[in-house]
Amino acid sequence: MSILHSLFMAFEWFILSYILFINSSYLFLILRSFKELRAYMKKLLYSEYKDMEVSSQTPPISILVPAFNESQTIEESVRSFLWLNYPEYEVIVVNDGSTDQTLDILKEKFNLLPIFPTYRKQLQTQDVRNVYRSVEYPYLLVIDKENGGKSDSLNTGINFASYPYFCTVDADSILERDALLRTMRPVIEGKDDIVACGGIVRVANGCTFRDGNVTKVGLPENPWAIFQVIEYLRSFLASRLGFSSISCLLIISGAFGVFRKQDVLEVGGYNTSIVGEDMELVVRLHRHIRENKKNSKILFVPDPVCWTMVPESAKVLKRQRARWHRGLIETLLIHRRIFLNPAYGWLGMWVMPYFFLVEFLGPIIEFIGYIIVTLGFFFHIVQVKFFILFLLLSISFGMFLSLSAVILEEWSLRRYQKSSDLFTLFVFSVMESFFYRQMVASFCTIGLFEFLFKKNGWGVMERQSFSTHPESSEDMSEKNQSV
């Protein structure tokens with residue numbers, strides 16, 4: 001019994017030290033985010049996006065839209081891409097061997113005709129079956145190819161892209177009209193050499209859309225989706241903005257990101273053998289910058305908005321989060337050379353260790369910690385003082401993080417105007433720490449076991465229309481749901 005008690009005592013000190021490290025890291029990022037967002041909001045006061053619409057310094061851009069079984073959302077999404085406020089761009093939809101009506105809807109709604117273009121196959125991809133161009137919208141190109149997964153579809157789109165920059169957008173997402181201009185502003189200003197730039201992704205559930213544009217911002221009725229609103233705010237406003245401020249942004253969401261095509265080609269395009277292709281590409285670009293001693297940057301811009309549908313059931317959410325965690329593990333393993341390598345500066349000495357200790361191990365240790373500490377308390381092995389301190393540090397700081405993200409939103413961007421919506425977000429920020437966070441931690445633990453047992457693929461996901469109730473899609477060929 002004394003040995004067991006000693007083990008629990010050692011575990012207590014480990015857990016407390018670990019929680020202290022995590023909380024200190026989160027606090028650092030929040031403070032950086034507050035500072036960065038304050039400076040950015042001041043800068044917006046002097047911005048004039050109408051000038052950028054007609055400026056010769058605004059580079060043309062290709063919008064790449066990978067699509068697999070997207071019949072529920074494809075028309076609304078493509079229309080939103082066709083009506084953006086941007087001087088010159090093209091939309092390239094890559095139909096990745098869909099088995100539903102995705103291609104038929106595109107043909108019917110956008111009056112597509114087959115063409116026979118020549119292109120350089122700079123990245124190896126699955127075979128292209130047909131290429132179509134819209135009669136109504138000459139800048140809309142639709143590529144029909146053999147199924148190869150999202151990464152393969154993006155590589156195909158890069159091969160066909162005509163312009164020096166490309167933007168990746170999910171087929172179940174909608175861009176606000178000025179989202180491209182806002183994302184490209186750091187490039188247009190020319191103060192820094194920008195390799196990639198990401199915007200914010202927000203939850204579309206609960207919003208009202210018309211003709212590919214959001215007409216009313218509101219919270220979802222589904223509680224799972226409301227929790228994800230808070231998660232997305234915390235992830236983008238209280239985390240990625242902080243990493244971007246020290247030039248160590250490791251994730252640009254696959255749902256919305258802009259990249260310079262030449263740099264992506266130089267590093268070999270998207271990795272088609274993993275499920276976390278978006279994060280892995282960004283880390284590879286960071287390595288390319290540092291190893292070639294380039295003075296280039298990868299940034300996050302907080303106000304360009306992409307609206308995307310999120311899961312509304314625990315079952316689908318579990319598949320998504322387990323898959324995201326597998327993608328994180330794969331990226332960390334592929335780029336393990338960076339870990340604690342001073343040659344990579346902040347990236348090697350703090351950011352990669354952070355992602356390993358906090359983002360990868362954090363949910364798993366937290367999930368195991370709750371189980372062991374709770375059992376130890378009921379069997380009188382864990383001291384009451386430690387049990388209370390553990391709950392205070394883990395749960396109260398979780399509330400603080402979520403509330404901070406909501407405050408950042410209200411203080412700066414204020415997309416949720418109704419006081420009832422803000423009240424709901426504050427209530428769910430408190431509720432999140434009592435069961436939702438623990439549930440997501442268990443999903444991440446499942447992702448670890450899926451990785452260890454070499455489970456591949458994306459799983460069966462749910463598709464939801466922007467205007468109708470959700471319907472389940474068919475099997476997604478185990479590789480195609482967007483991250």
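This is a predicted model: local features need pLDDT of at least 70, side-chain atom pairs count only at pLDDT 80 or more; totals for chains, interfaces and linings use all residues.

User: Is cysteine 197 buried or exposed?

Analyst: Cysteine 197 has 1% relative accessibility, so it counts as buried.

User: And how many disulfides does the whole structure have?

Analyst: A disulfide needs two cysteine sulfur atoms within 2.5 Å. Searching the whole structure turns up zero. For cysteine 197, the nearest cysteine sulfur belongs to cysteine 167, 10 Å away. Cysteine 306 isn't in a disulfide either, with the sulfur of cysteine 167 as its nearest, at 8.1 Å. Cysteine 306 is buried too, because its relative accessibility is 0%.

User: Which residues have the most contacts inside the largest nonpolar core?

Analyst: Think of a core as buried nonpolar residues linked through their side chains. The largest one here has 112 residues, and Ile61, Ile63, Val91, Val93, Leu140, Phe259 and Ile298 have the most contacts inside it. Helix α7, residues 223–245, gives the most to this core, with 11 residues. There's also a second, separate core of 36 residues, including Leu250 and Val373.

User: What is valine 93 in contact with?

Analyst: Beyond its neighbours within four places in sequence, valine 93 touches Val65, Ala67, Ile74 and Leu140, among others.

User: Which residues form a nonpolar patch on the surface?

Analyst: Phe423, Val427, Val430, Met431, Phe434 and Phe435 do, with about 530 Å² of accessible area together. Phenylalanine 435 sits in helix α13, residues 419–452. At 38% relative accessibility, phenylalanine 435 counts as partly exposed.

Key. Residues are numbered from 1 along each chain as its sequence is written. Side-chain values use heavy atoms; hydrogens and water are left out. A nonpolar core is a set of buried Ala, Val, Leu, Ile, Met, Phe, Trp, Tyr and Cys residues joined through side-chain atoms within 4.5 Å. Buried means under 20% relative accessible area, exposed over 50%, partly exposed in between (1.4 Å probe, protein chains only). Helices (H or I, at least four residues) and strands (E, at least two) are DSSP runs, numbered from the N terminus. Contact means heavy atoms within 4.5 Å. Patches are made of residues with over 30% relative accessible area and no salt bridge: like charges are joined within 9 Å, nonpolar side chains (Val, Leu, Ile, Met, Phe, Trp, Tyr) within 5 Å. Accessible areas come from the Shrake-Rupley method with a 1.4 Å probe; for residues, only the protein chains shown count as cover. A salt bridge is a side-chain nitrogen of Lys or Arg within 4 Å of a carboxyl oxygen of Asp or Glu.
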